[in-house]
Amino acid sequence: MRIGPHELPNRLFVAPMAGVTDRPFRQLCKRLGAGHAVSEMVTSRADLRDSLKTSRRLNHDGESAPIAVQIAGTDAEMMAEAARYNIDRGAQIIDINMGCPAKKVCNKWAGSALMQDEALALDIVAAVVEASAPHGVPVTLKMRTGWCQQARNAVTIARGAEARGVAMVTVHGRTREQGYSGQAEYETIAAVKAALSIPVCANGDIDRPEKARDVLAATGADAIMIGRAAQGRPWIFQEIAHFLATGEHAAPPATLQVREWLLEHLEDHYGLYGELAGVRTARKHIGWAVHALPGGEDFRRRMNRIETTAEQSRAVHDFLGELAGAHPLWPEAAPLPAEPVDALAA
C-alpha cells in the first residue's frame with residue numbers, strides 16, 4: 001500500500017479524530033499495528049497557529065514516518081498556505097478535511113460542508129496539491145458520501161480530486177446529515193472505488209475483524225480506516241491484521257501487557273500536555289480502556305476525581321494489576337451481532 005512515494009506497512013489506518021489522535025495516541029496505534037495515522041484536524045487560519053491547542057496538534061516529536069497532517073478551511077489560498085506551513089514543519093502527507101460533520105466546523109462551510117459546493121471543494125484540492133507538489137508531498141482527501149441522503153456526490157468529488165492530483169481518497173460511509181448516527185453504508189464507497197484508479201480507503205463502523213474483512217470485500221477498497229473502535233482498544237489493528245492473514249482470531253493480549261501499553265501512553269501524554277491538562281485529558285483515554293471491564297465503571301468514577309498525573313498513573317497500575325490476578329488475559333466485551341456481507345453493501 002502506497003501513498004505517493006511512501007510505502008506503508010499495511011492497509012489498516014487510524015482515523016483523524018479531534019481531541020483523540022494526538023501524537024501520543026498516533027504513536028501508540030502505530031506501535032500496535034496501524035499502518036498509517038493522520039493528525040487531528042488543524043485550522044488553516046494563520047492567526048490561530050500560535051495557540052496552545054494548535055501547537056500541540058502540530059507536535060510530531062519522535063513520530064515515525066510518514067507524518068500526515070490534516071488541514072481544514074474554506075479558502076483555497078489559505079489552505080495552500082497551510083499546506084506549505086505544515087510541510088515546512090515536517091508534514092510528509094497533507095490530508096484535506098472534507099468529512100467533519102461538527103456544527104462549529106460546518107457552520108463556517110469547512111469540513112463536510114464543502115461537499116455542498118463542488119467547485120469550491122475542487123478549487124481547494126487543486127490549490128493544496130499545487131502547493132505540496134514542489135516538495136514531493138502527496139495530498140489525500142477525507143470526505144463523506146455527501147451532504148445528505150438526497151445529495152450523495154462522493155463519486156463526483158472523488159473523480160474531480162483525482163483529476164487534480166490527489167493521491168488517495170478516504171470515504172466515511174455516512175452523509176454529513178447523519179453525523180455519527182445510524183449505520184454506515186458501503187455502496188457509495190464501492191462506487192468511488194470503481195470510479196478511481198488511485199487508492200480508496202473505507203471508513204465507518206469498522207469495529208471488529210469480521211467487519212473489516214466484509215467491508216474490504218463489499219467495497220473493493222485498498223485500505224480501511226478505524227476511528228472510534230480504536231479508542232480504549234488500540235490493539236484492534238493487531239487483531240484485524242491477524243484475522244485477515246489467518247482467518248482466525250488472535251488470543252486477547254495479556255492484561256499486564258495492556259497495562260504496560262497504557263502506562264507508557266500516559267507518560268507520553270503527560271509529556272505533551274503537562275501536569276494540569278495532562279491528568280484531565282488522559283481521563284477519557286483511561287475511561288475508554290476500562291469502561292467494559294469488571295469494576296471498570298467504579299474505577300472510572302474514582303479516577304475522574306484524581307488531580308495529579310502521578311496518582312492517576314499509580315491508580316491505573318494498581319487497578320489493572322488487581323484485574324490481572326483474576327483475568328490474566330484481557331477480558332473480552334460481549335460480542336456484537338454479526339452482519340451479513342450483503343447488508344454491508346446495502
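Tutor: Let us go through the elements, the barrel and the cores in turn.
This is a predicted model, where local features need pLDDT of at least 70 and side-chain atom pairs count only at pLDDT 80 or more, while totals for chains, interfaces and linings use all residues. Residues are numbered from 1 along each chain as its sequence is written, and side-chain values use heavy atoms, leaving out hydrogens and water.

Student: How many helices and strands does the chain have?

Tutor: Helices (H or I, at least four residues) and strands (E, at least two) are DSSP runs, numbered from the N terminus. Here there are 13 helices and 10 strands.

Student: Which strands close into a barrel?

Tutor: Strands pair if DSSP finds at least two bridges between them. In this chain, 8 strands form the barrel in the order E3-E4-E5-E6-E7-E8-E9-E10, with parallel pairing. Within it, E6 (residues 93–98) and E7 (residues 139–146) pair over 5 bridges, and methionine 98 stands opposite methionine 143 in E7.

Student: Which residues touch the most other members of the largest nonpolar core?

Tutor: In soluble globular proteins, nonpolar side chains tend to be buried together. A nonpolar core is a set of buried (under 20% relative accessible area, 1.4 Å probe, protein chains only) Ala, Val, Leu, Ile, Met, Phe, Trp, Tyr and Cys residues joined through side-chain atoms within 4.5 Å. In the largest one, with 61 residues, the answer is Met98 and Met143. Helix H5 (residues 118–132) gives the most to this core, 6 residues. A second, separate core has 23 residues, including Leu266 and Phe319.

Conventions
Buried < 20%, exposed > 50% of the residue type's maximum accessible area, 1.4 Å probe, protein only.
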